[in-house]
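Trainee: I have the structure open and would like to go through it with you. Could you start with one of the ligand sites?
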Amino acid sequence: MASPQGSRAPLEFGGPLGAAALMLLLPATMFHLLLVARSGPARLLGPPPYLPGLQVLWSPRMLLLWLTWLGLQAALYLLPARKVAEGQELKDKSRLLYPINGNPIYDFFLGRELNPRVWSFDFKYFCELRPGLIGWVLINLAMLMQEAELRGSPSLAMWLVNGFQLLYVGDALWHEEAVLTTMDITHDGFGFMLAFGDLAWVPFTYSLQAQFLLHHPQPLGLPVASVICLINAVGYYIFRGANSQKNTFRKNPSDPRVADLETIPTATGRQLLVSGWWGMVRHPNYLGDLIMALAWSLPCGVSHLLPYFYLLYFTALLVHREARDEQQCLQKYGLAWHEYCRRVPYRILPYIY
Ligand SMILES: NC(=O)C1=CN([C@@H]2O[C@H](COP(=O)(O)OP(=O)(O)OC[C@H]3O[C@@H](n4cnc5c(N)ncnc54)[C@H](OP(=O)(O)O)[C@@H]3O)[C@@H](O)[C@H]2O)C=CC1
Ligand SMILES: CC(C)CCC[C@@H](C)[C@H]1CC=C2C3=C(CC[C@@]21C)[C@@]1(C)CC[C@H](O)C(C)(C)[C@@H]1CC3
């Protein structure tokens, strides 16, 4: 097993200070969001309506439920009838690097182990896709059912949020293999960021719109709903088109679906696409993802900022992620990457950013 960073790799996320601040801020933000979502004013920036006591936060029954959920997912993950796919080659083929003076806070946040496994059970891969993503859909569904119980039937806004996010999660599971080339799997260790991100942040904050709708019903007419569906469809079309084009190209550059695209050769022998989706901006998949994020918030109306939290957080996450990826690509491809940036000057939003 390899360390995700070499001993001289530059520190990311603001180093140990940034990592320490994030480990305090993220759980606090998550609790804040959950508390304000069920309060009357639902103010994203206001103080929480009340602070729950320890006896409310600690419930052996909930812990048992959560462990059962993880156990069930782990059992399904271990089922023998599945496709086995090869992951990316490790960066340091010949030698593992173990920095002697590792920084404990930074390492705890980002994780020291790139691929922690017990036999064939890969903790990071398992957590990235299954318990959190499916848990997110289940929480959404619970909100929908509770709304039906409270108000006789689920609202149109609730149906849209559930439908859009179900499509997103279904897509991730359908294209499961593609997750192997994401930077979480190839570059980041399995530390607090991904463990907390996958198991708590995703199910509880990504379902915020559905939670908000349960407590703050929003009227939504068919014409507006149709426009929102169209926005989600455009976002999904770009997101899926861009991701599939790159994955197809990386698997087999002579595949007829991508063979005609223009490319730049790199010193590593790999090529970079400069036409098609990847000739429009350097991260077309992020653009599609952001458009979908907007469509997930719109059914919640414009009276509150809270349902737009995901869009705001996600924009920050993707801008930061883009910068990290840029750094990694510059290291991998050097001059060829500069040439790509010259040919495709915009990062995420054409003519703007
Ligand atoms: N919902 C959520 O919370 C999140 C969703 N996402 C989504 O996950 C998906 C994956 O994102 P992510 O892992 O960040 O990165 P990408 O899928 O964008 O992959 C980046 C890698 O693609 C390759 N690449 C870049 N440009 C080109 C090109 N022109 N031609 C060919 N290959 C190229 C490079 O790797 P190489 O050359 O080595 O192949 C680069 O490191 C995205 O759709 C993103 O929106 C991401 C984070 C959070
Ligand atoms: C807690 C922190 C603020 C940030 C944690 C970030 C993580 C929640 C995200 C990092 C990359 C992710 C991806 C997905 C979910 C969120 C995390 C784990 C993803 C599985 C969502 C579904 C997509 O289709 C995908 C492309 C498979 C995503 C891969 C990256």
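Mentor: The largest share of the shell around ligand 2 comes from H9, which supplies four residues. Keep in mind throughout that this is a predicted model.

Trainee: Which residues come nearest to ligand 2?
Mentor: Of the 16 residues around ligand 2, the nearest are Leu 26, Glu 128, Ala 172, Asp 184 and Asp 198. Taken alone, ligand 2 exposes 630 Å², and the protein buries 86% of that. Helix H7 (156–174), helix H9 (192–205) and H14 are the elements that give two or more residues to this shell.

Trainee: And how do the residues of that shell divide into nonpolar, polar and charged?
Mentor: Around ligand 2 there are eleven nonpolar residues, one polar residue and four charged ones.

Trainee: Now the other site: how many residues surround ligand 1, and which are the closest?
Mentor: Ligand 1 is surrounded by 26 residues, and the closest of these are Tyr 206, Tyr 286, Asp 289, Arg 321 and Tyr 333. By class, the shell around ligand 1 holds 15 nonpolar, four polar and seven charged residues.

Trainee: Which element gives the most to the shell around ligand 1?
Mentor: That is H14, with eight residues. At least two residues each come from helix H11 (222–251), strand E4 (271–273), helix H13 (284–297), helix H14 (309–333) and helix H15 (335–343).

Trainee: Let's switch to helix H6. Which of its residues are buried?
Mentor: Among the buried residues of H6 are Pro 131, Trp 136, Ile 139, Asn 140, Met 143, Leu 144 and Glu 147. In general, an α-helix has 3.6 residues a turn, so residues three or four places apart point the same way. The buried residues of H6 pack against helix H3 (60–77), helix H5 (123–129), H7, H9, helix H10 (208–215) and H13.

Trainee: And what follows H6?
Mentor: Gly 152 follows H6, and its phi is positive, near 95 degrees. The helix itself, residues 131–151, has 21 residues and reaches 30 Å from its first C-alpha to its last, close to the 30 Å expected at 1.5 Å a residue.

Trainee: Is Trp 119 buried or exposed?
Mentor: Trp 119 is exposed, because its relative accessible area is 81%, and its place is in the loop between strand E1 (117–118) and strand E2 (121–122). Ala 42, in the loop between H1 and H2, is buried, because its relative accessible area is 1%.

Trainee: What does the side chain of Ser 39 reach?
Mentor: The side chain of Ser 39 reaches the backbone nitrogen of Ala 42 at 3.3 Å. Ser 39 lies in the loop between helix H1 (15–37) and helix H2 (54–57), and it counts as buried because its relative accessibility is 9%, under the 20% cut-off. Not counting residues up to four places away in sequence, Ser 39 touches Pro 49 and His 216.

Trainee: Last one, Pro 47: buried or exposed?
Mentor: Pro 47, which lies in the loop between H1 and H2, counts as exposed at 66% relative accessibility. Leaving aside neighbours within four places in sequence, Pro 47 is in contact with His 32 and Val 36. From C-alpha to C-alpha, Pro 47 and Val 36 are 8.1 Å apart in space, while in sequence they are eleven residues apart.

Note on methods
Residues numbered from 1 in each chain as written. Chains lettered and ligands numbered in written order. Predicted model: local features only at pLDDT ≥ 70, side-chain atom pairs only at ≥ 80, totals over all residues. Heavy atoms only, no water. Near = heavy atom within 4 Å. Nonpolar A, V, L, I, M, F, W, Y, C, P; charged D, E, K, R; others polar. Areas by Shrake-Rupley, 256 points an atom, 1.4 Å probe, with all protein chains shown as cover. Buried < 20%, exposed > 50% of the residue type's maximum accessible area, 1.4 Å probe, protein only. Polar contact = N/O pair within 3.5 Å; in protein donor to acceptor, adjacent residues only side chain to side chain. Contact = heavy atoms within 4.5 Å. Expected span 1.5 Å × (residues − 1).
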